Each structure stands twice: as structure tokens, then as C-alpha cells.
Amino acid sequence: MTGFQTLLKKEILRFWKVAFQTIAAPVLTAILYLLIFSHVMSSSGAAFAGVTYEQFLIPGLAMMSMLQNAFANTSSSLIQSKLTGNIIFILLPPLTHWDYYLAYTLAALVRALLVGLGVFLVGVIMAHVPVAHPWAILVFALLGSGILAAMGIIAGLWAEKFDQLAAFQNFIVMPLTFLAGVFYSIRSLPPFWQTVSHANPFFYLIDGFRYGFFGQSDVAISLSLSVTVFSFLCLSAVTLYLIKSGYKLRH
């Protein structure tokens, strides 16, 4: 366990030493989104019964911030290690592929949860947000962060330069996140776009997470949980396979 604990500590300290950039900055960005959209869309009506738009927006912003930062933590760590050449010092210790996966993923979870908690706390000051099902909040926060952490590892292994990593984030992660119902309920969309939204796995993350606060959702919570667990297991399996095979690491 010593090697695993050391790698986990290294990954946590890596983002914690620049917490102003990795924790505070994402929280500030989410709060700016909240201020702007709650002002512009305040007259658009409530998405759920008894829920104001400002309240509706806070869980979505918290989940979006967690997803983006979980991805950023694992992907940036791997690409930096590969480009600077110090990846060799991570590969030399007798660690299993499970050790690598868990260390990178758990560190990403810590960063994501800190950012999500920061967004939520500031949001609560601005608008009272109820908590209907704490278990759903915790489960979807952990699974969602785990999914994006795994995607970050895959992107970090695949990318050979920062341009490729940026393309992965800008053309895959960002569109899926913004089109997952962060700023709106899919009930307000035309039928075609509702169908498209249902094909987006990130939608189920945000909808299930929002259910934990309001006890209301656009789809059944059982469906959101099933899709989320399936996505997590599939991405984790792919990630473990790539690490074990040494994809773009040992050859």
C-alpha cells in the first residue's frame, strides 16, 4: 500500500499547492455563471414545481464544476508527466494497474468534491437550496467525478501534446456538459432535442444529482442511476485495460 498511498498523496498535493487556481478559480467561475444566468433567466419561470430558477441552477453548476475539474485533474497530471519525462519515475515502482487507477481517480474525486462543495456553499448563501435525498447527492457526485476522472486518464494517455488534450476537452467534454441540462430542464426543449439529450450520459448525472436536492427530476431516478453506474463501469474497465497494457506509456 505504500506505493499507492505515496502516489495518491502526490496527486492530491499537486493540485492542493495551487488551490487558488484549482479550487477557488472554478468556484468563482461557477458563481459568475450563477449571477449572470439567474439574472437573465429569472423571468423564465420555474423548471420544477416550487423551485426557483436560481435554486434549479445551483446543483447543475456544482455538478458541472465537479465533472470538469475531475477530468482536468487526471488528464493534466498525465500529460505533464509525459511531456516532462518524469512519468518514468511513476512507472518504475512495482505498482499494479489498480494502484494507478485508484490513486489518480481518488485524487480527482477529492478535488471535484472540494469544488462542488464550494459552489454549493456559496450558492446556499445566495438562494436556499433544499436537500431531499442526501444519498442521491453523494452517489451521483462520486460516480460523476469517477466517470470524468476515468475519461481524463484516457485522454491523458492518448494525448501526446496539450493541443490534443485541449481538443478532447473542447469537443467532447465541454459540449456534453453544457448540453446536459445544466442551465435548463429538457422539458422545455422540442421533442427532437429531448431525444438527443437522452442520448447524452452527462444528462443523467446532472438530473440524478438535482433529484437529490429537490426530489424531482426529468427522468426516473432509477434510469439515471442505471445509466450512470453502467457508464462508470465501462469507462473504468477501459481505463484499467489501457493502464495495464501500457498504452502510450511503455512504448
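What we have here is a predicted model, in which local features need pLDDT of at least 70 and side-chain atom pairs count only at pLDDT 80 or more, while totals for chains, interfaces and linings use all residues. Residues are numbered from 1 along each chain as its sequence is written, and side-chain values use heavy atoms, with hydrogens and water left out.

Of the 25 residues of H6, 19 are buried, so the helix is largely enclosed by the rest of the structure, buried meaning under 20% relative accessible area, exposed over 50% and partly exposed in between, with a 1.4 Å probe and protein chains only.

Phe71, which sits in helix H3, counts as buried because its relative accessibility is 0%. Leaving aside residues up to four places away in sequence, Phe71 touches Leu148, Ala149, Met151, Gly152, Ala155, Leu165, Phe168, Gln169 and Val173, where contact means heavy atoms within 4.5 Å.

Helix H1 (residues 2-16) and helix H3 (residues 53-84) pack at an angle of about 100°, with their axes 11 Å apart; the axes are lines fitted to C-alpha atoms over the stretch in contact, and angles run from 0 to 180 degrees between N-to-C directions. H1 is therefore roughly perpendicular to H3, given that angles under 35 degrees count as roughly parallel, over 145 as roughly antiparallel, 65 to 115 as roughly perpendicular and the rest as oblique. Lys10, Glu11, Arg14 and Phe15 of H1 make this contact with Asn73, Ser76, Ser77, Gln80 and Ser81 of H3.

For helix H5 (residues 97-126) and helix H10 (residues 221-245), the packing angle is about 125° and the axes are 9 Å apart, so H5 and H10 are oblique to each other. On the H5 side, His97, Trp98, Tyr100 and Tyr101 meet Phe232, Ser236, Thr239, Leu240, Ile243 and Lys244 in H10.

Finally, Lys248, in the segment after H10, has a positive phi of about 60° although it is not a glycine, and with a relative accessible area of 27% Lys248 is partly exposed.

Key. Helix = DSSP H or I, 4+ residues; strand = E, 2+ residues; numbered from the N terminus.
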